Amino acid sequence: MRSGVFITLEGGEGAGKTTQQALLAERLQQEGYACLCTREPGGTALGQELRALLLHGDPISPLAELLLYAADRAEHVQTRIRPALAAGQVVICDRFTDSTLAYQGYGRGLDLDLIRQLNQLATGNLQPHLTLWLDLPLQVGLERARSRQTAHLSGAKKFSPVDRMEQAQWPFHQRLYQGFQELAATEPQRIVRIDAQGSPEEVARRIWAVVKSRLG
Ligand code: T5A
């Protein structure tokens with residue numbers, strides 16, 4: 001049996017992670033790989049409840065927010081990600097530990113070392129083999145996320161209303177963008193920057209070139 005491969009997708013709001021997750025899974029399946037597509041927060045039943053609290057509930061203090069993301073992750077890694085990897089699947093996760101560093105660390109200003117420790121605790125030291133950072137200019141990503149909200153309000157088939165993070169102010173998004181830049185510079189082997197501009201198919205081709213070279 002092939003050993004499992006753990007790929008995460010990261011980036012700011014509306015960067016195209018969900019779209020690219022589906023396209024990557026489709027491509028991998030064509031190549032004969034079994035895939036699990038999942039996400040954080042919300043990859044488990046408990047996670048769904050935490051997601052509602054985190055993104056659409058009443059305001060939460062930054063430390064409580066951090067701990068809820070950690071709880072979501074602990075459950076997710078234990079009950080879904082590790083079993084899929086053990087079964088030899090390619091796990092493609094929409095956001096993981098780097099989002100916590102970017103949003104709660106760079107964005108909210110919580111201590112990065114504390115977040116790293118908590119990430120280790122929640123994951124039992126599980127690290128992605130490959131992280132694809134979808135790099136899109138902030139304004140473009142936020143406009144995409146907002147147009148998705150407009151589609152929701154006008155009754156189009158998909159997508160949720162604007163969430164707590166999308167409502168955050170511009171400097172918050174600038175800080176977390178800087179966070180992703182710094183994280184990618186710190187771990188260039190694991191975190192690969194993908195230019196997320198252009199059509200979904202163009203971005204998918206860039207992603208496939210990287211994934212193929214790693215799987216090969
Ligand atoms: N969070 C999460 C934390 O604060 N800490 C953490 O530890 C974790 C794990 C998750 C929120 O939680 C926060 C970060 C987030 O704010 P979410 O709803 O999952 O909430 O939010 P996002 O991950 O940001 O998901 P989005 O749906 O907003 O963005 P995606 O998935 O990056 O983008 P996608 O694919 O949905 O595309 C957005 C829109 O753009 C279009 C799509 O059709 C869609 O309408 N689109 C394109 N349009 C033009 N060209 C392309 N190439 C396009 N690709 C997609």
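Me: Where is the place of Pro41?

Reply: Pro41 sits in the loop between β2 (35–39) and α2 (45–56); helices (H or I, at least four residues) and strands (E, at least two) are DSSP runs, numbered from the N terminus. This is a predicted model, in which local features need pLDDT of at least 70 and side-chain atom pairs count only at pLDDT 80 or more, while totals for chains, interfaces and linings use all residues. Residues are numbered from 1 along each chain as its sequence is written, and side-chain values use heavy atoms, with hydrogens and water left out.

Me: And which residue does the cis peptide bond join to Pro41?

Reply: That bond joins Glu40 and Pro41, with omega at about -10 degrees. Most peptide bonds are trans, and most residues other than glycine have a negative phi.

Me: What is the phi of Arg95, then?

Reply: Arg95 is not a glycine, yet its phi is positive, about 80 degrees. Arg95 belongs to the loop between β3 and α4. Asn125, also not a glycine, has a positive phi of about 70 degrees and lies in the loop between α5 and β4.

Me: Is Arg95 buried or exposed? And Asn125, buried or exposed?

Reply: Arg95 is buried, at 14% relative accessible area, whereas Asn125 is exposed, at 54%. Buried means under 20% relative accessible area, exposed over 50%, and partly exposed in between (1.4 Å probe, protein chains only).

Me: Changing topic: what is the order of helices and strands along the sequence?

Reply: The protein has eight helices and five strands, in the pattern β-α-β-α-α-β-α-α-β-α-α-β-α. Its radius of gyration is 16 Å, close to the 17 Å from the globule rule for 216 residues, so the protein is as compact as a globular protein of that length. That radius is taken over C-alpha atoms, and the rule is 2.2 Å times the number of residues to the power 0.38.

Me: How much of the protein is buried?

Reply: Buried residues make up 48% of the 216 residues.

Me: Which residues touch the most other members of the largest nonpolar core?

Reply: Leu24, Leu28, Leu132 and Val211 do, in a core of 23 residues. Two or more residues each come from β1 (5–11), α1 (17–30), β3 (90–94), β4 (130–135), β5 (191–195) and α8 (200–215). The most come from α8, with five. Such a core is a set of buried Ala, Val, Leu, Ile, Met, Phe, Trp, Tyr and Cys residues joined through side-chain atoms within 4.5 Å.

Me: What does Val211 touch?

Reply: Not counting residues up to four places away in sequence, Val211 touches Ile7, Leu24, Leu28, Leu130 and Leu132; contact means heavy atoms within 4.5 Å. Apart from this core lies another, of 22 residues, including Leu101, Ala102, Met165 and Leu176.

Me: How many residues of α4 are buried?

Reply: In α4, 11 of its 11 residues are buried. The elements covering them include β1, α3 (62–86), α5 (112–123), β4, α7 (170–186) and β5. After the helix comes Gly109, with a positive phi near 90 degrees.

Me: Which residues does Tyr103 touch?

Reply: Tyr103 lies in α4 (residues 97–107) and counts as buried at 4% relative accessibility. Not counting residues up to four places away in sequence, Tyr103 touches Gly11, Gly12, Glu13, Arg95, Arg108, Met165, Phe172, Leu176 and Phe180.
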